Amino acid sequence: MKRRLAREIVVQSLYQMEMNDVKAEEAIEMLLEEAAQENESEVEIRDEAKLKAYVLDIVNGTFTNKEAIDHLLEEYLKGWQISRLSRVDSQILRQAVYEMVFHNDVPAKVAVNEAIELSKHFGTEESGKFVNGVLGKMIQDLDKLKEARTEAE
């Protein structure tokens, strides 16, 4: 399973959920079906069940913790509000914060790098720099953020 593809599907699923008010499973299923039909990049999806399970885990985790994630992001946006961001940038940031602070499955630097690449792919010309700036500040306080989250639980 390629995690880059999984993260792309996560971002698109979160976007679909927000825009069309659909459930995670429905958004993921639709995107996997679309990816299989179009497959412009000719990426071979070897283990669709594993991919779907991973994507569902990240989507559900991000969605479930959206309020806490947005609260964290507001502290690092400096002069911005999450509601003023493009929907794509906000979904990418949410996913990265979930992976960094709540999920602990990948190194934080990998989550940040992947978020930057996703923002370059899906966002505007400035999205990559913006995402890098926000997450770069956040990664400096990562231990403190994880500790605060653990204490809150």
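**Fold.** I began with secondary structure and counted 8 helices and 0 strands in the protein. The model is predicted, and I read every entry below with that in mind. Going along the sequence, I wrote down the pattern α-α-α-α-α-α-α-α.

**Overall dimensions.** I looked up the extent of the C-alpha trace next; along the principal axes of the protein it spans about 40 × 35 × 30 Å. I then checked the radius of gyration against the rule for a compact globule. For 153 residues the rule gives a value near 15 Å, and the protein has 15 Å, so the two agree.

Taking contacts with a separation of 6 or more, 71% are between residues 24 or more positions apart.

**Helix H5.** Is H5 mostly covered or mostly uncovered? I find it mostly covered, with 15 of its 17 residues buried. The helix runs over residues 87-103. Just after H5 I came to Asn-104, which takes a positive phi of about 55 degrees.

**Ser-127.** I placed this residue in helix H7, which covers residues 127-140. Which residues is Ser-127 in contact with, leaving aside its neighbours within four places in sequence? I recorded Asp-89 and Ser-119.

**Second largest pocket.** I noted a volume of about 160 Å³ for this pocket. Which helices each supply at least two residues of its lining? They are H4 (66-76), H5 (87-103) and H8 (142-152). H8 gives the largest share, 4 residues.

I went through the lining by name. It consists of Ala-68, His-71, Leu-72, Val-101, Phe-102, Leu-145, Ala-148, Arg-149, Ala-152 and Glu-153. By class I sorted the lining into 7 nonpolar, 1 polar and 2 charged residues.

Definitions and conventions. Residues are numbered from 1 along each chain as its sequence is written. This is a predicted model: local features need pLDDT of at least 70, side-chain atom pairs count only at pLDDT 80 or more; totals for chains, interfaces and linings use all residues. Side-chain values use heavy atoms; hydrogens and water are left out. On a 1 Å grid over the protein atoms alone, a cavity is a set of points where a 1.4 Å probe fits but cannot get out, and a pocket is an open set with protein on both sides within 12 Å along at least five of seven lines; lining residues have an atom within 4 Å of a point. Grid points are joined across faces, edges and corners, and a volume is the space filled by probe spheres set on the points. Ala, Val, Leu, Ile, Met, Phe, Trp, Tyr, Cys and Pro count as nonpolar, Asp, Glu, Lys and Arg as charged, and the others, Gly among them, as polar. The radius of gyration is taken over C-alpha atoms; the globule rule is 2.2 Å times the number of residues to the power 0.38. Contact means heavy atoms within 4.5 Å. Buried means under 20% relative accessible area, exposed over 50%, partly exposed in between (1.4 Å probe, protein chains only).
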